[in-house]
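Welcome! Here is a short tour of one structure, taken topic by topic.

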Amino acid sequence: MFITSFCLTKKKKADTYVATLDCIHIKPKNVVAHLLSLISLYTAREIVNFVHGFELCFCALTQMDLLPAETSSEIVKKKHRFRSLKMVDLNYEQVLSDVPYGADYGKLDNGLSYYVRLNSKPKMRAALALAVKVGSVLEEEEERGVAHIVEHLAFSATKKYTNHDIVKFLESIGAEFGACQNAVTSADETIYELFVPVDKPELLSQAISVLAEFSSEIRVSAEDLEKERGAVMEEYRANRNANGRMQDAHWLLMMEGSKYAERLPIGLEKVIKTVSPETVKRFYTKWYHLHNMAVIAIGDFSDTKSVVELIKTHFGSKASASDYVDIPRFLVPSHEEPRISCFVESEAAGSAVMISCKSPVSELRTVKDYRDLLVEAMFYHAMNQRFFKISRKKDPPYFSCSVAADVVVQPIKAYIMTSSCKEKGTLNALESMLTEIARVRLHGFSEREISVARATMMSEIESAYLERDQVQSTSLREEYLHHFLRKEPVVGIEYEAQLQKTILPHISASEVSKYSENFRTTNSCVIKAIEPRAAATVENLKTVVLKINSLEDDGSISPWYEDHIPEEIVTLKPNTGSVMQESKYSNIGATELILSNGMRVCYKCTDFLEDQVLFTGYAYGGLSELPEREYISCSMGSTIAGEIGVFGYRPSMLLDMLAGKRAEIGTKLGAYMRTFYGDCSPTDLETALQLVYQLFATEVVPGEEDIKIVMQMSEESINAQERDPYTVFANRVRELNYGNSYFFRPTRISDLRKVDPFKACEYFNKCFKDPSTFTVVIVGNIDPAIARPLILQYLGGIPRPSEPILNYNRDDLKGLPFTFPTTIIREVVRSPMVEAQCSVQLCFPVELKNEKMMEDVHFIGFLSKLLEAKIIQILRFKHGQIYSAGVSVFLGGNKPSRVGNARGDISVNFSCDPGVALALVDLSIDEILRLQEEGPSDADISTVLEIEQRAHENGLQENYWWLDRILHSYQSRIYSGDVGASFTVQDDSRTDVRNALTPMTAQQALQKILPFPCKRQYTVVILMPQDSRFQLLKSIATNAKVQFGFAGLIVLAFCIWRYSRTSSKS
């Protein structure tokens, strides 16, 4: 895999994404994305969910070893530890230690650096990495793309392993290809990552030996290279979509004048297709020197010294193939005049504006440097709050806007603003973005804005501090990677918490406001407008820049106006409910309460994460119950109501009300269920439950402006989908496999104009009105002594209506109208494309019989993994024609009845060269048929069982896993009032299937669950580029039959012409 160095950190807060600065502290919830992919986000949250979710009614539940939960006194004690955390005596000139905290850190005689740290999250696992300070910027012209090719070859063959044996070995120990073994190449570095079990002594040694092979013994033969070219080309082709083209264009504009501009990590097509083994080998031996590398091992080890010894054993004898060459440093020139560009991308998800201002990377050495980072982070928090509020005003200039910063390449840090807006709206968006930054320069932030940002940051560091012993090993691995690659200090979360607790209260609004200077258009600024159809010009954009600069110079921009913000979410506390019935389920460590208003609440106390409580509430009865005439309006209920505010306050107001709190609540209207879900800190559980109470107590009424904004965003979203070839493809797949019913049809602009916003809000209000229809599951670090009174107050206090509202029996729900074709269908969907893309979806119908339902559900889970592994082996490792493949199972279209068979499908998905798509489809079908007729090998079954078991073991330590499993125990068809019994039956079923899974039983299950032979019933849909007129003429010119027919037409036309001329003369 390759990346550019653009990345943003997004932390979801109160219905918005707040872009924050990557400070030193650990980032367990980071979402790292390419900058350009952000422009497809019309709003900071999801705009319209046109593809409605279907609840999966049948889920394979797994056995668990119960982990003891902490007592309430332990929880309170840990909270107090942050409150009573001592301040530090600040010496701003103090140099931060360059010795990474918590790690056994050193360097071998051959130059290799190493970092080893003990960490038991997750248990019996290790996160490993080999970091190499070698990226695409080191390539010569004839090598463009070679750094990435080397990364691919590493998993293909080394001195010790051949024919992708590394992949096979890692999968055999449960490290799934892609998820647990991966690599990434950027302009400045290459990183190989493994995530492996360490419950057996030899596994860690073998995994470290794999990284040692990567360091100096990657094999580069002609055969190896030819096998991998196809996979690399497919990755190249996949990057040539709309986002990839926009990303590349922005990169070139930003890096203009430097070598980085010409060294995109994916490289050139001609190099990928023709580069010689000698050239690849030369690059590898020249740059892959042990002085440029570090090995990182974070995991549940008994001690660090034994791991260091393993590193010395496997790496100590390694020697680089050539003399050490210093890594050159490439500069990116600054420029005073802004570089302005308009980029027209016909497949773009929408219109967008990007502003990037570049500065040299400043070193993080002292406490003062750390303080400066905190001030900068506070600027992004405050700025993004403003942008969000503007996006929710009357006639907003954009749908979303955010600001952030990142080190894009080693010498350069970019200060980045991105916005997404309506079509032909880029000029207004740019003007608003520049105006707001100028407003901060002129008037600064208010004390209130800074206090909100400060509270948010204090809440985040408190959460990180409380969970300091529960950080995932993969997150810690990132810290040490940054220490090696970017020289970022690792000082430990305890010291960071002390620093932030000491520094944050004393950061002033004026200090924060000064960071707006980084966004001056004279600061090496790049401005880019992206549009699906040309509207703005470069001159238009320049005019906007000059206009705002002039207004700022004249002081003609007014101060920011702030609305009044209520203090309390619930102004009048509800009457407390009572417990009518209580049940304890010791096998899952859960307690169930039936409340006086009829709501069922099940809670489970865990100690997996100190600062996490998750919950989901669901009720049966959803969109499938609606007549067709009401469906489109009601399906948009969540979207329209969400824009207005489902908790009694507008989203922009709620953002300020929740400052310093971690409480997120969302809603979903599905086919058969309506759901609310949440994530909060234990200390903010009351706030979260207040929001749930408000959800049931609020009557959402649409206003004219609310409707206008939602419809505008929805229309833009639909237009974007219709431009996107992949959406056209997905729509056809759905139509073909599930029938052309209104429920599965894509939403068109004509449908949107039929939406009745009042009907949508009326339906949404009904969906969350009757508490007696809801079951709520709560999992996390909760103290029953504190949580139960809150549950009774805010969940038990939801008034029960006098008459039932949307009270459905699960067995009486209307099923979705879908039927799978009874014959073979092969269809090519041709769509206009800027550059040729090809995607394949191969589907087989599935029907699970009622009497063997639970067993077959588990079997189909194992079989999907088996099919995925075998198809990747055939199409990638044997034929080298794809980058990756996926196998997915869909059973969610079935109503959650406790009787009857279940129908669905199992699908194979991959992308490839358009010219080989049909051949790869046939190879896939042949492999599935071979598995049906001959069965898989013992090794295949062993690998699938190991991968499933490792995933299961990881899940046992996650709140999300337990929440999902308890929910599905309630929703299981065997549930009859005892959730513990339902859980046990499903758990036993998983164990039985695992014990029974052999090559023969897998073969029998493939014959039983899929059509047998599989060649008799399936659909395959292939997305292909639409032939251009030039290509059509070219095909005519090269087709002998067409040429002959065309020649005959010319002769006939000539004869008719001569006859007409003769007739006219006479």
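Let us begin with Asn 597, found in the loop that runs between strand S15 (590-595) and strand S16 (600-605). Helices (H or I, at least four residues) and strands (E, at least two) are DSSP runs, numbered from the N terminus. Please keep in mind that this is a predicted model, in which local features need pLDDT of at least 70 and side-chain atom pairs count only at pLDDT 80 or more, while totals for chains, interfaces and linings use all residues. Residues are numbered from 1 along each chain as its sequence is written, and side-chain values use heavy atoms, with hydrogens and water left out.

**Around Asn 597**
- Asn 597 has a relative accessible area of 4% and is buried (buried means under 20% relative accessible area, exposed over 50%, partly exposed in between, with a 1.4 Å probe and protein chains only).
- A polar atom of the Asn 597 side chain lies 2.8 Å from the backbone oxygen of Leu 795.
- Not counting residues up to four places away in sequence, Asn 597 touches Pro 771, Ser 772, Leu 795, Gly 796, Gly 797, Ile 798 and Arg 800 (contact means heavy atoms within 4.5 Å).

**Salt bridges**
- The structure holds 67 salt bridges, each a side-chain nitrogen of Lys or Arg within 4 Å of a carboxyl oxygen of Asp or Glu.
- One of them joins the side chains of Glu 193 and Arg 477 (3.5 Å, N to O).
- Glu 193 lies in strand S7 (residues 190-197) and Arg 477 in helix H13 (residues 473-486), so this pair ties together parts 284 residues apart in sequence.
- Arg 477 counts as buried, at 6% relative accessibility.
- Arg 876 and Glu 228 form another salt bridge, with their closest N and O atoms 2.9 Å apart.
- This pair links helix H26 (residues 853-878), which holds Arg 876, to helix H5 (residues 222-239), which holds Glu 228, and the two residues are 648 residues apart.
- Both ends are covered: Arg 876 is buried with a relative accessible area of 7%, and Glu 228 is buried at 1% relative accessibility.
- A network of salt bridges links Arg 125, Asp 199, Glu 946, Arg 950 and Glu 953.

**Helix H4**
- Helix H4 (residues 201-216) is mostly covered, with 12 of its 16 residues buried.
- Among the buried residues of H4 are Leu 203, Ile 208, Glu 213 and Phe 214.

Key. Polar contact = N/O pair within 3.5 Å; in protein donor to acceptor, adjacent residues only side chain to side chain.
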